[in-house]
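Try each task before reading its solution.

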Amino acid sequence: MDSERPIIVQAPASKSVSHRMVMGASLAHGESIVENVLESQDLYQTMEILAGAGAQFEKLERGKYKITGALPKGGEDMQHALSCDVHESGTTCRLLTAILACGSGFFHIHGAKRMHERPIGTLTQVLEKLGAKFLFEKDGFPPFLLKANGLMGGEVIISLEESSQFLSGILFAAPLCKEPLTIYIGGTHVVSWPYVGLTLDAMKKFGARFDISIKDTEKSTRDAIKWNPVDYKKITEIVPGEIRFRVRPFQDNGTYKSGNYKVEGDWSGASYLLSAGVLGQKPVTVLGLNKNSLQADKALLTILTRMGAKIEFGQEDEITVYPGELKGITADMADCPDIVPTVAVIAAFAEGETKIENIAHLRIKECDRLHAMAMELKKIGIETVEYTDYLIIKGNPELQNLADEIHFTSYDDHRIVMSLSLLNLRGIKTSFDNPMAITKSFPEFFDIWKSICVLQ
């Protein structure tokens, strides 16, 4: 049947992996080729800053770059600090702050207004203990001045209650420290752990040497702690105080190794395409996704399955999602905050209530995403209940074909725009105050989206 013939689309390149591969190549000795780099606003900011700090970029073709690495070098004094505009990219800001601290000179790190409201003090306090110096306009927030003269090693404790990007930044910088660095996790809980796995995976590909151990609570005593080594790819949960990262510096003042690297497909960007399969009239097949990926947003498949969706895996990188009736669930999404807006829209069409838990950290993203989704879904008559760290959505499976176009607030947030575009598949016309917020992570989104909607 024609209705069963899937619409076939290609997943965009991973933003998270693109950042990490570009950063690694920019620190590597010699020339690297990195393919399938996501060409989006966030990546342009990262490459612009690294180029200003000494790396060289040559675009060979779309998404393919030749990168010649160099240790970061800033301005000679405060008045001539290298301008580092991170715009709205938290990954750029947090990872590059640690990486630039491994270099030398002065760096002025700043961004868009919202970026200046997102905390970074947890990271900079650790970097100060390792030798970096900071001068803030507002303590603990961008913009700030960084004076770098390399980083020492030793032992540090860092909290991941606000973001795992703090740990990713420290880890990426660690092999460039002058001595071995041991990192412990403090705080009460950890969010977005899988992104640390992506960082470790990139570090390993670029030749970094590290080991990770989990505390043996049964054999540890007050006087002696026993640590058991663990494969980072097998870590699914982190308990503060019970994990240790040890990173060794490169030998003979070495650095990351150059080579040929390729970025995998993006589960975050693909979440909208996969969700189109369950909300539309026809199944959707997405190509280019690594089924064994460490990306956190692969969790969407588990969530969709629990809600009742039918999903099939084809050859190699093919995943097909079919239309179907959905039911509400309770989902802990602490590790995959980027797809919360996607799941919230899907939940609007599910039978019963959906509760999305442990998402307080969504309030310090590009916008307060928890509040934004609660407010915008009310515009189509969906009842929501917003709490400090969770959101309840009361679905309406009959909701479709509203007479009037609905104007939504984008909050200048790419994920708000793309997730609410899913409403089109149920005959709800949408408009946004800033639809081009999508350029942050998925510039081709609307072109692909229009093709999906036309074929539905």
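**Exercise 1. Find what share of the chain is buried.**

Solution. The model is predicted. Count a residue as buried when its relative accessible area is under 20%. Buried residues then make up 57% of the 456 residues. Now turn to the surface. The chain exposes about 18800 Å² of accessible surface, and carbon and sulfur atoms own 47% of that area.

**Exercise 2. Decide why the overall dimensions agree with a compact globule.**

Solution. Start with the box: the C-alpha atoms fill roughly 65 × 55 × 45 Å along the principal axes. A compact globule of 456 residues would have a radius of gyration near 23 Å. The chain has 22 Å, so the two agree.

**Exercise 3. Describe the chain's elements and its contacts along the sequence.**

Solution. List the elements: 12 helices and 23 strands. Then take contacts between residues at least 6 apart in sequence. Of these, 76% join residues at least 24 apart.

**Exercise 4. Characterise how helix H1 packs against helix H6.**

Solution. Two packed helices are described by the angle and the distance between their axes. Locate the pair first: H1 spans residues 15–27 and H6 spans residues 194–205. Their axes come within 10 Å and cross at roughly 35°. The crossing of H1 past H6 is right-handed. Now name the residues in contact. H1 contributes Ser16, Val17, Arg20 and Met21. H6 contributes Tyr195, Leu198, Thr199, Ala202 and Lys205. Finally, sort this contact by class: 5 residues are nonpolar, 2 polar and 2 charged.

Note on methods. Residues are numbered from 1 along each chain as its sequence is written. This is a predicted model: local features need pLDDT of at least 70, side-chain atom pairs count only at pLDDT 80 or more; totals for chains, interfaces and linings use all residues. Side-chain values use heavy atoms; hydrogens and water are left out. Axes are lines fitted to C-alpha atoms, for helices over the stretch in contact, and angles run from 0 to 180 degrees between N-to-C directions. Helices (H or I, at least four residues) and strands (E, at least two) are DSSP runs, numbered from the N terminus. A crossing is left-handed if the near helix is turned anticlockwise from the far one by less than a right angle, and right-handed if clockwise. Contact means heavy atoms within 4.5 Å. Ala, Val, Leu, Ile, Met, Phe, Trp, Tyr, Cys and Pro count as nonpolar, Asp, Glu, Lys and Arg as charged, and the others, Gly among them, as polar. The radius of gyration is taken over C-alpha atoms; the globule rule is 2.2 Å times the number of residues to the power 0.38. Buried means under 20% relative accessible area, exposed over 50%, partly exposed in between (1.4 Å probe, protein chains only). Accessible areas come from the Shrake-Rupley method with a 1.4 Å probe; for residues, only the protein chains shown count as cover.
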